[in-house]
Structures are given as C-alpha cells and as structure tokens.
Amino acid sequence: MLHDRVLVRTDIPEGERRSTGGIVIPATAAVGRRLSWAEVVAVGQSVRTVEIGDRVLYDPEDRAEVEVRGVAYVLMRERDLHAVAADRFQGSEDSTGLYL
C-alpha cells in the first residue's frame, strides 16, 4: 500500500438486505445515501488514524474496487473514511469506541 491508501474488505455483499423487522429489501430498491462498514486489511505508510483490523464507515459510491487472489476489496484514501470503530478508542466508561 502506498501513501494514504486504505484497503478494506466489505462486511456485507451487495444485494438483498433485511430490515430489523425481517422485511427483505431487494437490491434494486432505491434508497438514500447509505454508508457501509468494512474491515481494514492494509494501510499505507502515511495513514495515521486507522490500523489493520479496525472497522471503518465509508461511502460505497466513492470507491475503487480491486480483486486480489479472487477476493474483492475496496481501495480508498484515508480522507474518504467517515468513522473508525476500534477497541483502542474505548479509554473511558462513557466512550462509544468510535472516532468520527
């Protein structure tokens, strides 16, 4: 990985989703701008806020997909991340573990 690039693996494959009530939402359903969670698998040497294994929130419309050894990943810049969820941010009892 070079510079400020982050390579992530998405949590949920695109396609049908289920609501919390159990209703199936087809992949063709129009929804508003929806952010997605992914796990960081590699970072460049200039990345400062995320580490391998962190979960990050990103906009799936602003992505570049790459396939490595048959596995699909998303490549993005660190500045394109919206939030980071990691255990290391849970320093006090009132912490959510999120860095926004």
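1. Tyr58 touches Thr10, Leu35, Ser36, Trp37, Ala38, Arg63, Val74, Met76, Asp80, Leu81 and His82, leaving out residues up to four places away in sequence. Contact here means heavy atoms within 4.5 Å. Tyr58 sits in strand β5, residues 55-58. Its relative accessible area is 2%, so Tyr58 is buried. The cut-offs are under 20% relative accessible area for buried, over 50% for exposed and partly exposed in between, with a 1.4 Å probe and protein chains only. One of the contacts, His82, is 24 residues from Tyr58 in sequence, and the two C-alpha atoms are 5.5 Å apart.

2. A word on the basis of these values. This is a predicted model, in which local features need pLDDT of at least 70 and side-chain atom pairs count only at pLDDT 80 or more, while totals for chains, interfaces and linings use all residues. Residues are numbered from 1 along each chain as its sequence is written, and side-chain values use heavy atoms, with hydrogens and water left out.

3. Overall make-up. The protein has zero helices and nine strands, giving the pattern β-β-β-β-β-β-β-β-β along the sequence. Helices (H or I, at least four residues) and strands (E, at least two) are DSSP runs numbered from the N terminus. Of the 100 residues in the protein, 24% are buried. Among contacts with a separation of 6 or more, 61% are between residues 24 or more positions apart. The accessible surface comes to about 7200 Å², and 49% of that belongs to carbon and sulfur atoms. Accessible areas come from the Shrake-Rupley method with a 1.4 Å probe; for residues, only the protein chains shown count as cover.

4. Strand pairing around β4. Strands β1 and β4 pair in the antiparallel sense over five bridges, and Val8 has Val40 in β4 as its bridge partner. β4 also pairs with β5, again antiparallel, over four bridges. Here Ser36 stands opposite Tyr58 in β5, and Ser36 is also among the residues that Tyr58 touches. Two strands count as paired if DSSP finds at least two bridges between them.

5. Salt bridges. How many does a search of the whole structure find? The search finds two, a salt bridge being a side-chain nitrogen of Lys or Arg within 4 Å of a carboxyl oxygen of Asp or Glu. Asp4 forms a salt bridge with Arg77, with 3.2 Å between the closest N and O atoms. Asp4 lies in the segment before β1 (5-10) and Arg77 in strand β7 (residues 71-77), so this pair ties together parts 73 residues apart in sequence. Asp4 counts as buried at 18% relative accessibility, whereas Arg77 counts as partly exposed at 28%.

6. The other pair. Glu39 and Arg9 meet through their side chains in a salt bridge, 3.6 Å from N to O. Glu39 is in strand β4 (residues 36-43) and Arg9 is in strand β1, so that the pair links distant parts of the chain, 30 residues apart. Glu39 is partly exposed at 29% relative accessible area, and Arg9 is partly exposed at 32%.

7. A charged residue to check. Glu78 is in the loop between β7 and β8 (81-85). Glu78 is buried yet has no salt bridge, and the nearest side chain of opposite charge, Arg48, is 4.9 Å away. Lys and Arg count as positive and Asp and Glu as negative; His and the chain ends are not counted. Residues up to four places away in sequence aside, Glu78 touches Asp4, Val6, Ser46, Val47, Arg48, Thr49 and Val50.

8. Ala72 lies in strand β7 and is in contact with Arg9, Val66 and Glu67, its neighbours within four places in sequence aside. Met1 lies in the segment before β1 and is partly exposed, at 39%.

9. Backbone angles. His3, in the segment before β1, has a positive phi of about 50° although it is not a glycine. Arg69 also has a positive phi of about 50° without being a glycine. Arg69 is in the loop between β6 (64-68) and β7, and counts as exposed at 84% relative accessibility.
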